[in-house]
Amino acid sequence: MGKFTEDDLKKELETKEYEYGFYTDIESETFPVGLDEDIVRAISAKKNEPEWMTEWRLEAFRIWKAMEEPEWANVTYEKPNFQNISYYSAPSTKPKYNSIDEVDPELLETFNKLGISLEEQKKLAGVAVDIVMDSVSVATTFKDTLAEKGIIFCSISEAIQEHPELVKKYIGSVVPQKDNFYAALNSAVFSDGSFCYIPKGVRCPMELSTYFRINQAGTGQFERTLVIADEGSYVSYLEGCTAPSRDENQLHAAVVELIALDDAEIKYSTVQNWFPGDKEGNGGVFNFVTKRGICEKNAKISWTQVETGSAVTWKYPSCVLKGDNSIGEFYSIAVTNNFQQADTGTKMIHLGKNTRSTIISKGISAGKSQNSYRGLVKIHPRAENARNFSQCDSLLMGNKCGAHTFPYIETNNKTAQVEHEATTSKIGEDQIFYCNQRGIDTEKAIALIVNGFSKEVLNKLPMEFAVEAQKLLEISLEGSVG
Amino acid sequence: MSLKEKLLSSYLAFEDHLEVDSPIHDLRTQAIKNFEDLGFPTKKQEAWKYTSLKTLLKPDYSIFPKKENTLELKDVKKYFLHDVDTYKIVFVDGVYSSFLSETTHDGMDVCLLSSALSKDKYKPVIEAYYNKVAQESSLTSLNTAFAKEGAYIYIPKHTEVEKPIEIINFATGNEAAMLLQPRNLVVVEENAHVQIIERHQSLSDNAVFTNSVTEIFAEKRAFVDYYKIQNDRISASLIDHTHIKQERDSICKVHTFSFGGKLIRNNLNFYQHGERCDSVLNGITILEGKQHVDHNTLVHHIAPNCESHQDYKGIFDDNSTGVFNGKVYVEKEAQKLDAFQQNNNILISDKATINSKPQLEIFADDVKCSHGCTIGQLDEDALFYLRSRGIAKKEARALLMYAFANNVLEGVKIPELKRRINKLIANKIGVNLGFNL
């Protein structure tokens, strides 16, 4: 192993196929391809939605029709044909399970392959998992425990039926239908997603978690997540994704809305591992996601993300710091390899007094990939004593990839303190030499250094998730990280 | 009639006075067409996101001066570095003033672009360099189309220019609104050294819009030290384009001091074509009132083993707006690079705005690139320290501001100029410190 060089590693990385590329054969009920008002109505009808919801979707659809696909991001791809996508797909076996034994064994097999079996999850972490297989939620665990505390954790379609007043009040309040092209599309056709409400003063006793998978070929996945933390509550929410190998590009346009009322805290962690395409750059998932949270007085929203998958990523989890003394945080690791392209970052909008935000972004690019950080820090004139610290570090492996930084800093208040710093470098030969000297082979040394580079962000992940994140870093970059 | 239409129609009139069969004319025709296609930039374009030209383009600018104006030396003496001997190229309303200038052909050429464009003697240089590095953006194209006058500086091999060269553009304001489009060409041959100071000065309160383009070519081991003094009246606006092409081992430094003017936009582009180039971009911006200064820099690293250093400091008062949009672009061949970019800002008033966008685009792996950007206030503790030692508040603040800008000021290598800039800063902050830093 002593002669293992960075070139060898590069070769190995390039030839590394997607390990989670398998396809579960579950009979699905899929809509015909194409999108018009009838399809939107049909989706709504299928889900048995009330009139206001149908209208809301139709309004979004009309807005979407008038919009154009954005082109400003630093990514190039063949635009998806929106009339060539089926907008609804649900596994046909759709009973609600109370215990794990009732779940379709084939489905369980899928999760076992991913190493995230429900049993293991239940035992190890006490995580309540709301599994989204394609678009419909098929299993929810720990619901009873949560119900005791008054916590609502269910699929959004269920929430529309059972808690329409909450959904009606908050849906679209952070990401309105007209926000952007993909948010409008999502608002019109979202099939399912998660809904979470934490009542006043309740501290959620466990990490809430959802696993998303795109399963049916040619099906767009349009998730809608709504998390509401009422006054003084706390919740930690985990979202993780893996998708099976597909040759055609799959579209994923999700919307996540977080609402942190006075003194509440939301911690939202994502591990994203959609299929990135093979080493020639064929296939892979397009990930165009709108994530945004709003903080009221003294509230805190913390985004943590580990982005290793997708052919094209376009994602900016943002915080609107509306209330005084509110806090926004963003921790991100974005790894791109082969032909992957990522344009990701955050927006911190400071509106209230004494608001604080922290941005730590780590980009690792290898192969022929392009990795961009794009962030906005905006301090409004009324945001007295706002404070921001941003740090964006990039690591380049090989000279065919690119790392880019596009920070936007707009300040309108003299009491603001804003700091931004960014560095780009490669793994130092002296660092590798130092490790070699101490008997650590090059492969391990690189893993060690990458791990150290990402540590700041990995540390922010909840314990239960950190394991998975490490695993994904391994798959994306090398076999022996950690 | 909008300014664009007016420009297009006056180009037709302008064309009648030109030699139609010269290669320069082809450039002009192409450029005006390019401008016609692109039009003036709007805020919708990413590069102009924070700067609107709307109000700037409103006045009815006269495009050619109606008559030649003369100036008395005593009226404008203060704008020169009069204590030291310099070469001077002076323009009054875009027309060369031989009375105020001091040019030379002795061992080098410090003269006019108009003569360089028309005389055969200069043909090889013009053919090799003119319009070779200027971008084809709409405003540079506009300048190329109308360019007929400006400074022409040619420094041959192994020549060290013993005194600084001043390029001064005066606007007399004899007309209600004036559009000036100076065009400068600077060629510094192998191992030659030169220091240049550029200044635009309006002499009345009538509106002046200057759209200036400067091309600088630094050949092997050349050394160029370029100072831009922007301390114009509030009626004057400047859009400055400086394009610099560097060959191997050359060093180019551009120092921009923006204190005056209504709207200033500096497009400063460096292209490093040879190995071991060093580019330095420094700037101090101190604004008040409704001033708007936009620094748009690009350092394009094409060859390996190069360096670039950017350091921009800004102090913003009242309703002023500062924009910094710096970009470092590293091609995949440009390995072993050291690029550094820094932008520090102090906001003094609640209504001042700063928009900063430091960008890195990197395609090479063995590089050291970093950038930093801060926005903050004067340190309260430091202020208290000074005040506790009996220094009045105003002076204490001024001292801290000096200290803040000092890094950049240290880079000024012409002592007389440094003294002047110190004075300008003191005036701008409104204090007399009684000593020179």
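**Two domains, two chains**

Visitor: How far apart do the C-alpha centres of domain 1 and domain 2 of chain B lie?
Guide: Domain bounds come from an automatic or database domain assignment. Here domain 1 of chain B spans 3-274 and domain 2 spans 379-437. The distance between their C-alpha centres is 32 Å.

Visitor: Which pLDDT do local features need?
Guide: Residues are numbered from 1 along each chain as its sequence is written, while chains are lettered from A and ligands numbered from 1 in the order in which they are written. This is a predicted model: totals for chains, interfaces and linings use all residues, side-chain atom pairs count only at pLDDT 80 or more, and local features need pLDDT of at least 70.

Visitor: What is the mean pLDDT of chain B?
Guide: pLDDT is the predictor's confidence in each residue, from 0 to 100. In chain B, 99% of residues reach 70 or more. The mean for chain B is 89.

Visitor: How many residues does chain B bring to its contact with chain A?
Guide: Residues are in contact if their C-beta atoms, placed from the backbone, lie within 7 Å. Chain A brings 30 residues. Chain B brings 31.

Visitor: Which strand gives the largest share of the side of chain B that touches chain A?
Guide: Strands are DSSP runs (E, at least two residues), numbered from the N terminus. S19 (353-356), S20 (359-362) and S21 (367-376) of chain B each supply at least two residues to that side. The largest share is 10 residues, from S21(B).

Visitor: What is the bridge partner of Ala403(A) in S20(B)?
Guide: Strands pair if DSSP finds at least two bridges between them. S23 (402-411) of chain A and S20(B) have three bridges and run antiparallel. For Ala403(A), the partner in S20(B) is Ile362(B).

Visitor: What ipTM does the predictor give the complex?
Guide: The predictor gives two scores here. The pTM is 0.81. The ipTM is 0.77.

Methods
Two residues are in contact if their C-beta atoms, placed from the backbone, lie within 7 Å. Helices (H or I, at least four residues) and strands (E, at least two) are DSSP runs, numbered from the N terminus.
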